[in-house]
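Please open the model in a viewer and keep the selection tool at hand. The tour below moves from one selection to the next and says what is found at each stop.

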Amino acid sequence: MAQLLAFDLNVPETLEDQGSQEPSPYDESDVHDSFHRIIQEQTQWAAAQALELQPREPGAGTQAASGSAKGAPVHSSATLRILASMPSRTIGRSRGAIISQYYSRTVRLRRRTGRPQLGGSGRSARPSLRLYDLELDSATLQEEERQMLLVRELQSLTVTQRDHMLQGMPLSLAEKRCLREKSQTPRGKRRGWRGHRGLRCWSWLWDTCVLALHNLGLRLLWGLHALRPWRYALKRIGGQFGSSVLSYFLFLKTLLAFNALLLLPLLAFIVGVQAAFPPAPPGPGPAFTGLELLTGGGSFSHTVMYYGYYRNATLNQPCAPPLDGSQCTPEAHGLPYNMPLAYLFTVGMVFFITCITLVYSMSRSFGESYRVGSTLGVHAITVFCSWDYKVTQKWASRLQHDNIRTQLKAHWHPQELLAEWQLRQGPRSTCGRLRQVAVLVLVWLLCLGTTLGCAVAVYAFSELLTQQSPVSAEREGALLALPLVVCLLNLGAPYLFRGLAALERHDSPGLEVYVAICRNLILKMVILGILCYHWLGRRVGALKDQCWENFVGQELYRLTVVDFLLTLLDTLFGELLWRLISEKKFKRRGKPEFDIARNVLDLIYGQTLTWLGVLFSPLLPAVQSVKLLLLFYVKKTSLLANCRAPRRPWLASRMSTVFVSLLCFPSFLGAAIFLCYAIWQVKPSSTCGPFRGLDTMYEAGKLWVRRLEKAGPRVSWLPWVHQHLVENTFLTYLASALLLW
């Protein structure tokens, strides 16, 4: 082993050194300059002798020192200089060196924060290097002296700075505790400078307040993190069933946020304002019977729930409707809050905000799902970087273990790999291909025929209801006939599609899932298209003297409620009973799979109903929010008790992208077209609502622009903006194309 050189600084002291006092700790620059010169001299001498890197053999003498021994490496002076400055040769070998190092740090910190520099004092002789001995000569100064100097400097720091310095020292807890006890200033000790004591008290009070506020902020952040809805439930679902099933519940949570985004502006600018200025009741209303919770009619018809309750004037003072049916004329000094404008602009604003949010969500999902190289090394990252070592509880570690296992199953598709391997083995025979094409064509024809039959059934039943006389208050239960037919068709047809899909035998399991989504989506969109034509085409003409907007709002409310009730029944009979029958009758332990595609399309269908009904029922987003809350707990309970994870797990990022895309294009775009047609083309009812007496709902905006043109030059820019930006069809098409792109 090579023997390390013990540096011995033989610095002769001058007469001035011998007679001077102990060096001042404030004269640090001289100390460091002297120390740097001594290190350079010692390093040059070590380079000449090569004692740091060569083993010293007995009797080697000058031959070993000069590097002529066999096998002894010869290093340059630059290498020796670097090696001499390594931490293993300069500092950190002993407790005394650590104390000396942190003593110099406290001196620098105290000079920056408190005491004035002694710039005007005379330059003393070269200070003794014993105070800054960095293991160069361990016998020159005892460890107690160094500790005493460090304690003295720690006492001059504030409490916060002292604690921070002690925390950074590489010492044991007992030694740190001893240094802290010694560095605490006695309470009864008086200081020479009274103002300095007041400054330290103020500094201590400031540090205490800052620390208390910091702890309060951390606790508030922890509380907000813990108050996130369904945090533990989502972790449990993701750990047991994987990210594919978890994506359904995350999508449900996203829809809940969209409904909150819809509801807040409607409550603030329409519902709340109208509730503060209620109109005069037309007469005694019907009593509450409980059936209104299903039908949405009865006593609910004359509330803020529906379009017909809202007035067509500024909300300043009570205004009785004129006999001729014209608009109410508000007084000159009333509150200038025009309800028709507020109704129109608020609905347009919430749809615009929802559109921007949807486009942003979809672009972000595409960026996360299909970025280049996102799947490279995903197995290694999952295996080596997924475990959270801060987990200490047994249930949490078990949950994380299940989550990692499910992620590995989701990223590795054995059936997909097997299908690709079979395709690479060789082409199928001509008869096999023809047989497969014939089966695919037959199944698609049966599915499209089923969809067409459902659409014809809905159309025929709606026409039959249109030809009948209006339903009386005693027969309000008959209003549930059309929603029941629609929801039963939406519930039963997907089971038929699943049975037919078993005949196709797709090579790719992913393709099978996307085909199922496409068929269910076509079914639901065609049925909704028939209903929209029934509401705006047939019911508007049949209900000329009645409030057809209230009828459309009630129909959408009934569809939402009946869809929720049938979903609960399907969960009960389709999942619970199937599990019981499999266990009791067939003696099977296998649970049914959680059908992600069908459940997600049910959520999209319900959200589409909400967007269609915002104009006719401003509180329909509140009903949808309650439905989603209840649906989450029902589906979670059924999933944990009755279902198992799908055999073909998907990647959650791509599933979220598909879900948001379906929510944006067929759902939101169709609802926006429906409402634009109702606002621009359909004549409002003349007996109810904020747009009574107008040819179209959009005409309320034109009347407001005409008033602005006569108001004065200060608001003349608003009519110009309306004429060139709103009514300009080219800009409207351009904005629509940009959003779709």
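Select Thr567, whose place is in helix H20; helices here are DSSP runs (H or I, at least four residues), strands are E runs of at least two, and both are numbered from the N terminus. This is a predicted model, in which local features need pLDDT of at least 70 and side-chain atom pairs count only at pLDDT 80 or more, whereas totals for chains, interfaces and linings use all residues. Residues are numbered from 1 along each chain as its sequence is written, and side-chain values use heavy atoms, with hydrogens and water left out.

Thr567 has a relative accessible area of 11% and is therefore buried (buried means under 20%, exposed over 50%, partly exposed in between, with a 1.4 Å probe and protein chains only). Leaving aside neighbours within four places in sequence, Thr567 is in contact with Leu631 and Lys635, contact being heavy atoms within 4.5 Å.

Next, select Cys487, Asn490, Leu491, Lys524, Asp563, Leu566, Thr567, Asp570, Arg598, Asn599, Asp602 and Lys635, which line the largest cavity. A cavity is a set of points on a 1 Å grid over the protein atoms alone where a 1.4 Å probe fits but cannot get out, and lining residues have an atom within 4 Å of a point. The space in this largest cavity is about 100 Å³, a volume being the space filled by probe spheres set on points joined across faces, edges and corners. Helix H18 (481-501), helix H20 (548-584) and helix H21 (596-613) each give two or more residues to the lining, and H20 gives the most, with 4 residues. The count comes to 5 cavities of 30 Å³ or more.

**Second stop: charges over rings**

A charge sits over a ring if NZ of Lys or CZ of Arg is within 6 Å of the ring centre and within 35 degrees of the ring normal. Then select Arg519 and Trp444, where Arg519 lies over the ring face at 4.4 Å from the centre.

A search of the whole structure finds 21 aromatic pairs. Select Trp230 and Tyr633: their ring centres are 6.2 Å apart and their planes at 85°, so the pair is edge-to-face (centres within 6.5 Å make a pair of Phe, Tyr or Trp rings, the six-membered ring being used for Trp; planes under 30 degrees apart are stacked, over 60 edge-to-face and the rest tilted). Trp230 is in the loop between helix H10 (194-226) and helix H11 (231-276), and Tyr633 is in helix H22 (residues 620-642), 403 residues apart. Trp230 is buried at 11% relative accessibility, whereas Tyr633 is partly exposed at 43%.

**Last stop: the nonpolar core**

Select Phe351, Leu531 and Leu615, the residues with the most contacts inside the largest nonpolar core, which has 113 residues. Such a core is a set of buried Ala, Val, Leu, Ile, Met, Phe, Trp, Tyr and Cys residues joined through side-chain atoms within 4.5 Å. H11 supplies the largest share of this core, 19 residues. Another core, of 9 residues, lies apart from it and includes Val151, Leu154, Leu157 and Met169.

Terms used: On a 1 Å grid over the protein atoms alone, a cavity is a set of points where a 1.4 Å probe fits but cannot get out, and a pocket is an open set with protein on both sides within 12 Å along at least five of seven lines; lining residues have an atom within 4 Å of a point.
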